[in-house]
Amino acid sequence: MTTTATTTTTNRVTRDFDKPLWRRVLLTRESAIVGLLIVVVAFSMMTVRGFAQPITLNYLLLDIAPILLIALPMALVMITGEIDLSVGSMVGLASVVTGGAVHIGLPIEVAMLLALAVGVVGGAFNGFLVTVVGLPSLAVTIGTLALFRGLAVGILGTTAVTDFPETWTALAKAKIAGTTIPYIMVPFLILLVVFVIMLHFTPFGRGIFAIGQSKDAARFSGVNVERTKFILFVLAGVISAFAGIYYTLRFGSARGDNATGLELQVIAAVVLGGVSVFGGRGQLYGVVAAVLLIGVLSSSLRLANITSDVIMVITGVLLILSVVGASALNWLQSRRRRINPLQVAATTA
């Protein structure tokens, strides 16, 4: 088993690096998403009235900020071959904790720290069940999706907390001086740099890819598989809580049903951005480009008076095409690898 796992990992790595650098950079799903994003932006600016206005960029970034934030840890979790479906419910729970703490008279700063602590505990709970108990992450996070959402709705019921300090609600929507870019992009860019360095330039990041390619091979290479996954689930929980704080302050309302369905948007963007649903492959720039692409499509279609149902259908079709296209490309590549040795043998004979 050890030999087979090691051989599989070696073959996959060899296939990744047996092509010229320009092909590895340009002929990828990630580069295709970036190219499609550029085309959609250019087309929308030329044909959709109001899309090119600065205010459109501002609202677009405000809308996709929670998805951008949560997509970073979600990409790493999925590269290991796991998934976290509870992130949207954690956003709602963090929102309720923030609102409830403010409502009983605690300072907003304390309320936000409590919400982040809830994110850490929720992520650690997911990580414990997956890595220590050994349960599949799909089943675990379906359960915690319902658990966290149930807690959020149970704490506030049908009421909403709206009495937040105006300074903080204004900050959540404020723009960087002289630009139309909201301040929420600053923590996102900081997190993006941290995650890029962690994933691509550290042994921890190499371990993440190794786990997704083969857990057995990763273990024999010295990677602590359980600890790595546990850390990633905690990161997903705390960043989801941070997104929940932003969500609450931006809309000035804490409700138990905040961010319902957000997890599906995050997972769609991560998969569209080139992260393999089977693990072992993914680039963060593709994920960011995919989030922006979905946001641009939604914004331009809304400006063109297209209903939200149609927007969801278009997004779903785009996601399906990306998965089918990737599968077809992998099939063609494997077919070529089977044919080429036969051609070489025939030529030699």
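L171, Y183, V186, I190 and V194 make up a nonpolar surface patch with about 420 Å² of accessible area together. Patch residues have over 30% relative accessible area and no salt bridge, with nonpolar side chains joined within 5 Å; areas come from the Shrake-Rupley method with a 1.4 Å probe. Helix α9 (residues 185-200) gives the largest share of the patch, 3 residues. V194 lies in helix α9 and is partly exposed at 45% relative accessible area; buried means under 20%, exposed over 50%, partly exposed in between. Helices are DSSP runs (H or I) of at least four residues.

This is a predicted model, in which local features need pLDDT of at least 70 and side-chain atom pairs pLDDT 80 or more, while totals for chains, interfaces and linings use all residues. Residues are numbered from 1 along each chain, and side-chain values use heavy atoms, without hydrogens and water.

The whole structure holds 7 salt bridges, each a side-chain nitrogen of Lys or Arg within 4 Å of a carboxyl oxygen of Asp or Glu. Among them are these:

| Pair | N to O distance |
|---|---|
| R302 and D63 | 3.5 Å |
| K229 and E82 | 2.6 Å |
| R219 and E226 | 2.6 Å |

K229 in helix α12 and E82 in the loop between α4 and α5 are 147 residues apart, and both are buried. By contrast, R219 is partly exposed at 39%, as is E226 at 31%. D63, R250 and R302 are linked in a network of salt bridges.

Key. Patches are made of residues with over 30% relative accessible area and no salt bridge: like charges are joined within 9 Å, nonpolar side chains (Val, Leu, Ile, Met, Phe, Trp, Tyr) within 5 Å. Helices (H or I, at least four residues) and strands (E, at least two) are DSSP runs, numbered from the N terminus. Buried means under 20% relative accessible area, exposed over 50%, partly exposed in between (1.4 Å probe, protein chains only).
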